[in-house]
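Q: I have a structure open and would like to talk it through. Could we start with the core?

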Amino acid sequence: QVQLVESGGGLVQPGGSLKLSCAASGIIFSIYAMGWYRQAPGKQRELVATITSGGNTNYADSVKGRFTISRDNAKNTVYLQMNSLKAEDTAVYYCNAGRTLVTITGARGYWGQGTQVTVSS
């Protein structure tokens with residue numbers, strides 16, 4: 001079956017960096033679009049970044065210039081490098097996999113279990 005396993009979350013001070021990973025199995029990873037969502041307490045789940053099978057990327061305005069999504073098809077893994085972290089980046093971050101970008105932006109497809117990112121001094 002399909003599994004997406006996120007890792008790399010934790011506690012970091014404002015201005016710090018974290019790199020999240022999402023390892024996929026049970027899919028032909030190279031042909032899937034991938035995305036990162038986040039959900040803060042009391043808020044709706046928000047799309048943070050997407051990457052197509054061809055490597056095209058897109059970002060939410062709130063993270064543009066600070067976050068970078070990338071993928072390693074040889075390792076079946078998608079990453080989210082987060083720099084210049086702010087308190088408002090605190091959330092559970094989820095990996096999402098879909099055959100098309102529309103699947104990702106529609107919050108459909110396969111989900112991981114999430115990893116907590118807390119930005120606090």
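Q: Which residues of the largest nonpolar core touch the most other members?
A: Of its 30 residues, those are Met34, Trp36, Val78, Leu80, Met82 and Tyr93. A nonpolar core is a set of buried Ala, Val, Leu, Ile, Met, Phe, Trp, Tyr and Cys residues joined through side-chain atoms within 4.5 Å. Buried means under 20% relative accessible area, exposed means over 50%, and partly exposed lies in between, with a 1.4 Å probe and protein chains only.

Q: Which strands each supply at least two residues of this core?
A: They are E3, E4 (33-39), E5 (46-51), E7, E8, E9 (91-98) and E11 (115-119). Strands (E, at least two residues) and helices (H or I, at least four) are DSSP runs, numbered from the N terminus.

Q: Before we go on, what kind of model is this?
A: It is a predicted model, in which local features need pLDDT of at least 70 and side-chain atom pairs count only at pLDDT 80 or more, whereas totals for chains, interfaces and linings use all residues. Residues are numbered from 1 along each chain as its sequence is written, and side-chain values use heavy atoms, with hydrogens and water left out.

Q: Back to Tyr93: what is it in contact with, leaving aside neighbours within four places in sequence?
A: Tyr93 has contacts (heavy atoms within 4.5 Å) with Glu6, Leu20, Trp36, Tyr37, Arg38, Val48, Phe67, Leu80, Met82, Gly114, Thr115 and Val117.

Q: Arg38 is on that list. Which salt bridge does Arg38 form with Asp89, and at what distance?
A: The closest N and O atoms of Arg38 and Asp89 are 2.9 Å apart. This pair links distant parts of the chain, as Arg38 is in strand E4 and Asp89 in the loop between E8 and E9, 51 residues apart. A salt bridge here is a side-chain nitrogen of Lys or Arg within 4 Å of a carboxyl oxygen of Asp or Glu.

Q: Are those two buried or exposed?
A: Both Arg38 and Asp89 are buried; for Arg38 the relative accessibility is 6%.

Q: What about Glu46?
A: Glu46 also forms a salt bridge with Arg38, with the closest N and O atoms 2.8 Å apart. Glu46 counts as partly exposed because its relative accessibility is 29%.

Q: Which residues make up the network of salt bridges?
A: Arg38, Glu46, Arg66 and Asp89 are linked in it.

Q: How many salt bridges are there?
A: There are four. One of them joins the side chains of Lys64 and Asp61, at 3.1 Å from N to O. Lys64 is partly exposed at 47% relative accessibility, whereas Asp61 is exposed at 67%.

Q: New topic: in what order do the strands of the open sheet come?
A: Its four strands follow the order E1-E3-E8-E7, with antiparallel pairing. Strands E1 (3-7) and E7 (67-72) are the edges, each pairing on one side only. Two strands pair if DSSP finds at least two bridges between them.

Q: How many bridges join E3 to E8?
A: Six bridges join E3 (residues 18-25) to E8 (residues 77-82). Ala23 stands opposite Thr77 in E8.

Q: Where is Ala107?
A: Ala107 lies in the loop between helix H1 (101-105) and strand E10 (110-111). Ala107 also has a positive phi, of about 55°.
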